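I have a new model to look through, and I will jot down each thing I look up as I go.

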Amino acid sequence: MRRMHLMYHGIHDDPTSPGHFDPVYSVAPARFAQQLDWIAAQECPERFHVTFDDGDISNVTTALPLLLGHGLPERGLCATFFITGGFIDRPGMLRRADVRTLADAGMRIGAHGMSHGFLEDMDLESLRRELRDSKAALEDIIGREVDSMALPGGRGGARELDEALACGYRDLYGSRPGPDDDMQPGWRNRIAITRELGAAKFAALANWSGPAARWARLRHGALAVPKRVLGNARYQRLRAALT
Ligand SMILES: [Zn+2]
């Protein structure tokens, strides 16, 4: 059974919704509900893993009720919230009590760095501090172990995986689209769910079939080279232009 990890950020109708609206990554609540309906109707809904990055307040105000309404986690479905430690209690972001609310509702809590700086740009000492501090900050809030992490910006490779495993994480989530491959233990691929994704394309990506899947992989591969050559700051501008 190939697990598919789906990557969300905020769930927002528009810029007036609670949290930080993003024109690319904010998925409308009605559409998110449709996507959960689709997952629940699949033969093995438990192979889909819904994840959220950054810790936007809409994770608890909007996503959590919809997840619970669709029978998570009782139906074997799993959701993980990757929360940036340094963003907690900032305006529009989850507060400490919200992180506990998510954990108490049966949701998994994962780390997403302290500063949201890109780990692959950091020296070893800074990298280790981000891994260690973000894990400890969340464990302090929820009172249990945090053993998964999502790379800020999806940036990272072998060094980041080695260091994350050494720090006590078991899973490191990137943003290479596609199902998990078993070649790299601990490494998790993810599919970015964006605002404009319609029902048919969502189904194709979640099932990893057809041209939508091939295009997602191609686009990711095409962006990997300029990412290395340009450095992350200039790459961000190129990516924004291509989105
Ligand atoms: Zn992020």
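**Entry 1: a glutamate to begin with.** I started at Glu 130 and listed what it touches. Setting aside neighbours within four places in sequence, I found Glu 130 in contact with Gly 113, Met 114, Ser 115, His 116, Leu 119 and Met 122. A reminder to myself: this is a predicted model.

I then checked where Glu 130 sits, and it belongs to helix α4, which spans residues 124-142. Does buried Glu 130 have a salt bridge or no salt bridge? I found none: the nearest side chain of opposite charge is that of Arg 129, 6.4 Å away. A salt bridge would need a side-chain nitrogen of Lys or Arg within 4 Å of a carboxyl oxygen.

**Entry 2: the zinc ion.** Which residues coordinate the zinc ion? I noted Asp 54 through OD, His 112 through NE2 and His 116 through NE2, at 2.0 to 2.1 Å. Along the chain, these donors follow the spacing D-x57-H-x3-H.

His 112 is buried, with a relative accessible area of 1%. His 116 has 21% relative accessibility and so counts as partly exposed, because buried means under 20%.

**Entry 3: helix α5.** Next I went to helix α5, residues 158-166, and looked for its buried residues. They include Glu 160, Leu 161, Glu 163 and Ala 164. What covers the buried residues of α5? My list includes α4, the helix that holds Glu 130, along with β6 (171-173) and β7 (187-188). Just after α5, I saw that Gly 168 takes a positive phi of about 110 degrees.

**Entry 4: the whole chain.** Last, I stepped back. I counted 8 helices and 8 strands in the protein chain. Its radius of gyration is 17 Å, close to the 18 Å that the globule rule gives for 243 residues, so the chain is as compact as a globular protein of that length. Along the principal axes, the C-alpha atoms fill a box of roughly 45 × 40 × 40 Å.

Buried residues make up 51% of the 243 residues. Of the contacts between residues at least 6 apart in sequence, 68% join residues at least 24 apart. The chain exposes about 11000 Å², with carbon and sulfur atoms supplying 54% of that area.

Note on methods. Residues are numbered from 1 along each chain as its sequence is written. This is a predicted model: local features need pLDDT of at least 70, side-chain atom pairs count only at pLDDT 80 or more; totals for chains, interfaces and linings use all residues. Side-chain values use heavy atoms; hydrogens and water are left out. Helices (H or I, at least four residues) and strands (E, at least two) are DSSP runs, numbered from the N terminus. Buried means under 20% relative accessible area, exposed over 50%, partly exposed in between (1.4 Å probe, protein chains only). Lys and Arg count as positive and Asp and Glu as negative; His and the chain ends are not counted. Contact means heavy atoms within 4.5 Å. Donors are N, O and S atoms within 2.8 Å of the metal (3.2 Å for Na, K and Ca); water is not among the atoms, so sites may look incomplete. The radius of gyration is taken over C-alpha atoms; the globule rule is 2.2 Å times the number of residues to the power 0.38. Accessible areas come from the Shrake-Rupley method with a 1.4 Å probe; for residues, only the protein chains shown count as cover.
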